[in-house]
Amino acid sequence: IKLNYSDKELSSKTGLLIDPYFSSTKISWILDNIEGARDKAVKGELAFGTIDTFLIWRLTNGKSHYTDATNASRTNLFNIHNQTWDEDLLKLFKVPISVLPEVKNSADNFGSIDISVLGETIPILSVIGDQQAAAVGQNCFGRGDIKGTYGTGCFLMVNTKETPVTIKEGLLTTVGYRLNNQTSYALEGSIYSCGNIIQWLRDKMKFFSSSADSEAFIEKNGESNNVKFLPAFNGLGTPYWNSDVRAGFSGITQNSSKEDMITAAFKSICYQTKDIITILESNGILINSLLVDGGMTANKSFLQILSDSLQKEIAKPSNTESTALGACIVCQIADGVAIEEIKTLIESKYRSNSKLNNFYKKDYADWKMFIDSSLN
C-alpha cells in the first residue's frame with residue numbers, strides 16, 4: 001500500500017508511525033484484496049475490531065460492537081487528541097467508518113455476556129489494551145511512572161498524564177487509559193524480541209533444557225568476551241523501526257563459549273531498554289526506578305544485569321501478572337473504587353553496582369556501533 005502521507009503527519013494525529021504493526025494498513029489490504037470485502041463493508045455487513053472488540057461481540061452474541069480508547073489508539077485510525085475516528089485517516093486508508101466499533105472509556109458499560117454463554121448475564125465493565133493494563137496493574141498513575149513488561153517481546157510505558165508528549169526518536173505516543181472521560185496519555189517503547197530469544201536459545205540452539213536454567217549461564221559481571229547479539233528475529237522496534245533486519249551474533253571466535261553467547265543475548269534486551277530510557281531522559285523525562293513484570297522477571301541474574309546496565313533501581317511486584325491485574329483494577333474503578341486506594345506490593349528490588357558503570361558504558365557503546373553497522 002503506497003501512501004502519499006508522511007510519518008510526521010500521521011504521528012501528529014495518532015502518535016504512531018506508518019508501519020504494518022498497526023491495524024490501518026491491514027484493514028485496507030483486506031478490503032482491497034479479499035473478494036467482496038469492500039462491498040460488504042460499504043453495505044454495513046462487515047465489522048472490524050481488535051481482539052477486545054471481537055471477544056465482546058462474541059460474548060454478547062453480537063449485541064455490542066465496542067472498543068476502548070487504548071485499543072482504538074493502536075489502529076492508526078484514531079485521533080488521540082479529539083478521541084474520535086479521524087475522517088482524514090479513514091479516507092487515506094479507504095476504511096468506511098461503518099466497520100469501526102464505538103469507542104468507550106476503559107472503565108465503562110460494554111454490555112453483558114449473553115445468557116447462552118455462561119448461563120447467566122454478567123456485565124462487561126473493563127476493556128483496556130495489553131501494555132496499558134500492565135501499567136495500571138503496576139500502579140503507574142503518576143506522571144513519569146514507568147513499567148517494563150518482559151514477555152515474548154518487551155514494552156516500556158511511561159505515564160505523561162493529560163499531556164500527549166511527542167518524541168521524534170521513535171517512541172510512540174498513545175492513550176494510557178481513559179477513565180471518567182479523562183484521558184491520560186503515555187509514551188511507549190516497543191522491543192520486538194525478548195522472551196522468544198531465550199526460547200530460541202533453549203529450543204533451537206539447545207543451550208539449556210529450560211528457560212530457568214539459562215540463569216546459570218549468565219556472566220554476572222556482564223562480560224561476554226566481545227560477543228554481541230543483534231536481537232532482530234522480526235526486525236527492530238523502538239527507536240529503529242526496521243522490519244527488514246534480522247538477528248545475528250558478532251565477535252564469535254574459537255574462544256567464544258555458550259556462556260558468552262547467552263550473556264550477549266540477555267544484554268541485548270537490557271541495551272534495547274537502555275535505548276528507550278536514554279531517549280526519555282534526553283527529553284526531560286527522568287527515570288529513577290523501573291517497575292518490571294512478565295515471565296522473564298523470574299530470572300534474578302537478568303534483573304541484576306538490567307539494573308547494572310541501566311544504573312537504575314529495578315522493582316519487581318509480588319504479582320507479576322500485571323496485565324490481568326490491571327484489567328481487574330479498571331473493573332474495580334468502574335465499580336466505584338478510587339485510584340488513590342490502589343496499591344502495588346513490591347516483592348524485591350535490584351540496585352545497580354556503580355563499579356560496573358564504566359564497563360557498561362563502553363559495552364553499550366560498542367553494541368550500538370554493531371547495531372548501526374548492521375542497519376547500514
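This is a predicted model: local features need pLDDT of at least 70, side-chain atom pairs count only at pLDDT 80 or more; totals for chains, interfaces and linings use all residues.
Residues are numbered from 1 along each chain as its sequence is written, and side-chain values use heavy atoms, with hydrogens and water left out.

- Two strands pair if DSSP finds at least two bridges between them. Helices (H or I, at least four residues) and strands (E, at least two) are DSSP runs, numbered from the N terminus.
- Axes are lines fitted to C-alpha atoms, for helices over the stretch in contact; angles run from 0 to 180 degrees between N-to-C directions.

**Strand E10 and its partners**

- Strand E8 (residues 154-161) and strand E10 (residues 182-191) run antiparallel and are joined by seven bridges.
- Val-158 stands opposite Leu-187 in E10, and Asn-159 has Ala-186 of E10 as its bridge partner.
- E9 and E10 also run antiparallel, joined by seven bridges. Here Arg-178 has Thr-183 of E10 as its bridge partner.
- The hairpin of E9 and E10 has two residues between the strands, and Asn-180 takes a positive phi near 55° in it.
- Nine of the ten residues of E10 are buried, leaving the strand mostly covered. Buried means under 20% relative accessible area, exposed over 50%, partly exposed in between (1.4 Å probe, protein chains only).

**Helix H1**

- Leu-10, Ser-11, Lys-13 and Thr-14 are buried in helix H1 (residues 7-14). They lie on the same side of H1, because they cover an arc of only 165° around the axis. The arc is that of the directions from the helix axis to the C-beta atoms.
- The buried residues of H1 pack against E2, helix H6 (87-92) and E9. Contact means heavy atoms within 4.5 Å.
- Gly-15 follows H1 and has a positive phi, near 80°.

**Asn-76**

- Asn-76 sits in the loop between helix H5 (69-72) and strand E2 (78-79). With a relative accessible area of 1%, Asn-76 is buried.
- Its side chain makes a polar contact with the side chain of Thr-14 (2.9 Å). A polar contact is a pair of N or O atoms within 3.5 Å; within protein, one must be able to donate a hydrogen and the other to accept it, and residues adjacent in sequence count only if both atoms are side-chain atoms.
- A polar atom of the Asn-76 side chain lies 2.8 Å from the backbone oxygen of Leu-17.
- Not counting residues up to four places away in sequence, Asn-76 touches residues including Leu-10, Ile-18, Phe-22, Leu-89 and Phe-93.

**Helices H8 and H12**

- The axes of helix H8 (residues 130-137) and helix H12 (residues 322-334) come within 6 Å and cross at roughly 80°. H8 and H12 are therefore roughly perpendicular to each other.
- Residues making this contact include Ala-133 and Gly-137 of H8, and Leu-325 and Ile-329 of H12.
- Angles under 35 degrees count as roughly parallel, over 145 as roughly antiparallel, 65 to 115 as roughly perpendicular and the rest as oblique.
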